[in-house]
Amino acid sequence: MFNRTPELAAAALLAAASAAISFSPAAQQLPQQLQPPANEQLLLQVHAKGNQIYICKSDAAQFTWTLKAPDAQLFDKDGKSFGKHFAGPSWEANDGSRVTGKAVANAPSPDADSIPWLLVNVISHDGSGVLSRATTIQRLNTKGGKAPATGCDASHLGQELRVPYSADYLFYGPK
């Protein structure tokens, strides 16, 4: 008879570790549609602080604040300048590498007064720096940035409005 205790213990430990990972608070709070592809890994995370810029537009008889562009500074985990986030939407690191993306999924922020969380596919790359391997971006932990429900009318047509926001951007790339 073979002693299978070490194999069973290893299997039990692996199962417990897998359960702990899949039931972590972060995994429970992140909607499925915002998960990066399974064949990708986290490359880096930055914090954005800036504005969402809206413009008052009209289509037919309805006036609405429409997103023009983000304008934010990006910071690394130590609070040091990492780069910027701007129209495109694009993210540019201080090393000159840049990515432009297209949102493919969104979910409401847990904070009702904040812009949605996003999953973004990278559609173009420039430069060969830290962002050159990024293929997917998540926008999470948003605070603010939501367009006001009022204030856009005929007398404000074409007016720009800057709404402060902050968010975390997580960049993923192939494993």
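Does Glu-92 count as buried or exposed, and at what relative accessibility? At 17% relative accessibility, Glu-92 counts as buried, the term being used for values under 20% relative accessible area, with exposed meaning over 50% and partly exposed in between (1.4 Å probe, protein chains only).

The model is predicted: local features need pLDDT of at least 70 and side-chain atom pairs count only at pLDDT 80 or more, whereas totals for chains, interfaces and linings use all residues. Residues are numbered from 1 along each chain as its sequence is written, and side-chain values use heavy atoms, with hydrogens and water left out.

View A. Glu-92 belongs to strand 4 (residues 90-93); strands are DSSP runs (E, at least two residues) numbered from the N terminus. The side chains of Glu-92 and Arg-98 are joined by a polar contact of 3.2 Å. Such a contact is a pair of N or O atoms within 3.5 Å; within protein, one must be able to donate a hydrogen and the other to accept it, and residues adjacent in sequence count only if both atoms are side-chain atoms. Leaving aside residues up to four places away in sequence, Glu-92 touches Phe-82, Gly-83, Lys-84, Phe-86, Ser-97, Arg-98 and Leu-131, contact meaning heavy atoms within 4.5 Å.

**View B. Aromatic cluster of Trp-91, Tyr-169 and Phe-171.** The whole structure holds 2 aromatic pairs, defined by ring centres within 6.5 Å (Phe, Tyr and the six-membered ring of Trp), with planes under 30 degrees apart stacked, over 60 edge-to-face and the rest tilted. Trp-91 and Tyr-169 form an edge-to-face pair, 5.6 Å centre to centre with 65° between the planes. Because Trp-91 lies in strand 4 and Tyr-169 in strand 8 (residues 160-174), this pair ties together parts that are 78 residues apart in sequence. The rings of Trp-91 and Phe-171 have centres 6.3 Å apart and planes at 90°, so this pair is edge-to-face. Trp-91 is buried at 2% relative accessible area, Tyr-169 at 1% and Phe-171 at 0%.

**View C. The second largest pocket, with a volume of about 260 Å³.** Of the 17 residues that line this pocket, the closest to its centre are Gln-52, Leu-67, Pro-70, Pro-89 and Arg-139. Strand 1 (40-59), strand 2 (62-75) and strand 6 (117-126) each supply at least two lining residues, and the largest share, 4 residues, comes from strand 2. A pocket is an open set of points on a 1 Å grid over the protein atoms alone where a 1.4 Å probe fits, with protein on both sides within 12 Å along at least five of seven lines; lining residues have an atom within 4 Å of a point. The volume is the space filled by probe spheres set on the points, which are joined across faces, edges and corners.
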